[in-house]
Amino acid sequence: MYCTKKITDDLTWVGVNDRRLAMFEGVYSVPDGVSYNSYLLRDEKNVLFDTVDKAVTRRFIENVVHALDGENLDYLIVQHMEPDHSAAMLEIMNLYPGLKVVCNRKIADMIGQFYGITDLSRFLLVTEVDTLDTGKHTLHFVMAPMVHWPEVMVTYDSADKILFSADAYGSFGALNGALFADEVDFGRDYMDEARRYYTNIVGKYGPQVQSLLNKAEPLEIKMICPLHGFVWRKNINEIVSKYELWSAYQPEESGVMIAYASVYGNTENAAEILACRLRDKGAKTEMFDVSVTAASEIVSSAFRWSHLVFASTTYNAGIFVSMEALVSDLVAHNIQNRTVAVIENGSWAPTSGNLIAAKLGECKNIKILDNRISVRSSLKEEQLKEIDALADELAGTVRAEAKESPAPGGKAASALVDSAAARKLSYGLFILTAKEGGKDNGCVINTAAQVTDSPLRISVTVNKLNCTCDMISRSGEFNVSVLTESAPFDIFKQFGFTCGKDSDKFAGAAYNARTENGIRFVPEYTNSVISAKVTQTLDCGTHILFIADVTQAFVLSEERSATYQYYYDHIKPKPQLPKEMKKGFVCKICGYIHEGDDLPADIICPLCKHGADDFERI
Ligand code: FEO
């Protein structure tokens, strides 16, 4: 019986899960299974994106036939030729003899290599300049060589803003009823498997992944449909920001991964003592016995942490076998930008330390600490000071790096982050205005900044809950009016505490000033106006960051610009608390009061849209 899931009115997931597969690609254990995703787009012309592994072909065919509901299949887009996604293509081609295979030249060659099809009469070969119109939808093709094989391409549906991303943004793990990442606690329950998938499958090809990220950057992406794992339709940046770190070989977290290979427990003992000392000094640690933990897990962890310790006994005058395999695997996966320490053991001729250091020295920007522990059979009391010294050096650089790059996108790094620090940043205050159709709108922001001088380019960041944000997303243009210190609280109420969906922010205004782009600006209590056209959009979770080229700019007065601090100190009235109210929290931004003993962690101020950090107990 078919088992499909609807994604949009036109798009259906027709993939299949496999929980019986022991080793993915014959090398990576998949204890939680794996999903082979395939998608069917129903339009005037019907399109299937990739197929599945041979192990699940029967169910897949049922899914496709059901989802087509008696219609014909016009196109099969092959984005990646690895057989876990292409093995069912012959069955599909036979079932729908009229269909055309859409792919690039390299993919066509590989279809010949794998399946013996060399007659290209049923093929439509595409490049990046080609599009495929299916009716409502237009599909664009973006070549993504080495993400994960050389023939890979991804597809962008410009009608629904969906990126069919091939292996990118995928994950190990079967789908357990939920298809969308936002239906589960992805960060808590699935990120480790997403990292293990990325680092082991594509980790070697960071520059190629960066190239794909750059190509995708100008695209507005509302949904990502990968070939494995969840579909992303919300908080897309949660996975995109991880890919940015992983592909740049930047650690997600400051802390120490310790991997040890021990025959009789003495090397393990040295590693354990080091881990305890590191924790005592406030450094996070994660430990692995390389003889019992799959290399894929340790490779994944090495991509996560900033500092790596390798502790290995000497074996056959070399590195212990399981450690040698791990270090070679890390070198093969191109590990970079890490601080490394080594502990070696050897009862008569310890050599593993130098050998590990030499192997890792082949990688880019690996700093190997001179501080090295050399154990003769077992650690001695007098060597504890060496362990202490190593722990001091590691913990010291962990702290220093954490200060340099706090919380690189990972929520687990939140212990290092005092969000009050962000509130020390200096901000101005601005009215951001937009126009769509016949509607004018605006809101207050404190996040306008110049990005570059030549060309003159600015950025604004806007809460997605603001109607103005949606209007800019669609229209691609906005004005910024820079507020001055004489701005009364009323102007903040007018633009900041009402919703443009159900009110006219300009109602009663004595002015109707517009810039060349036709968008209104605020000529009162402002000292300058900047018009801009959006060139890039970044989904930042709760907010959208717009980067835009300035198209018009002029100065209205020399009065001082209002800063956020000035507003807080001089413009915003102090909250007047009702006499009878005993308990509650006040929004420091607008004065809204939330009554009750507890403040919900996810509270959003209904007036000014600020979160829990901006509330204080009354
Ligand atoms: Fe799941 Fe590279 O294929």
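Trainee: Which residues form a nonpolar patch on the surface?
Mentor: Val263, Tyr264, Tyr315 and Val321, with about 450 Å² of accessible area together. Patch members have over 30% relative accessible area and no salt bridge, and nonpolar side chains (Val, Leu, Ile, Met, Phe, Trp, Tyr) are joined within 5 Å. Areas come from the Shrake-Rupley method with a 1.4 Å probe, and for residues only the protein chains shown count as cover.
Mentor: Before we go on, this is a predicted model: local features need pLDDT of at least 70, side-chain atom pairs count only at pLDDT 80 or more, and totals for chains, interfaces and linings use all residues. Residues are numbered from 1 along each chain as its sequence is written, and side-chain values use heavy atoms, with hydrogens and water left out.

Trainee: Is Tyr264 buried or exposed?
Mentor: Exposed, at 76% relative accessible area. The cut-offs are under 20% for buried and over 50% for exposed, with partly exposed in between (1.4 Å probe, protein chains only). Tyr264 sits in the loop between strand 17 and helix 9 (266-280). Helices (H or I, at least four residues) and strands (E, at least two) are DSSP runs numbered from the N terminus.

Trainee: OK, charges now. How many salt bridges does the structure hold?
Mentor: 23. That takes a side-chain nitrogen of Lys or Arg within 4 Å of a carboxyl oxygen of Asp or Glu.

Trainee: What does Lys242 pair with?
Mentor: Glu252, with the closest N and O atoms 2.8 Å apart. Lys242 is in helix 8 (residues 237-247) and Glu252 is in the loop between helix 8 and strand 17 (253-261), so the bridge ties together parts 10 residues apart in sequence. Lys242 is buried at 6% relative accessibility, and Glu252 is buried at 2%. Through shared partners, salt bridges join Asp192, Arg195, Lys242 and Glu252 into one network.

Trainee: And where are Arg196 and Glu193?
Mentor: In helix 6 (residues 191-202), 3 residues apart, so about one helical turn separates them.

Trainee: Switching to strands: how do strand 12 and strand 13 run?
Mentor: Antiparallel, with 3 bridges joining strand 12 (residues 131-133) to strand 13 (residues 138-143). Two strands count as paired if DSSP finds at least two bridges between them. Asp133 has Thr138 as its bridge partner.

Trainee: What does strand 13 do with strand 14?
Mentor: Strand 13 pairs with strand 14 (residues 153-157) over 5 bridges, in the antiparallel sense. His140 has Tyr156 as its bridge partner there.

Terms used: Patches are made of residues with over 30% relative accessible area and no salt bridge: like charges are joined within 9 Å, nonpolar side chains (Val, Leu, Ile, Met, Phe, Trp, Tyr) within 5 Å.
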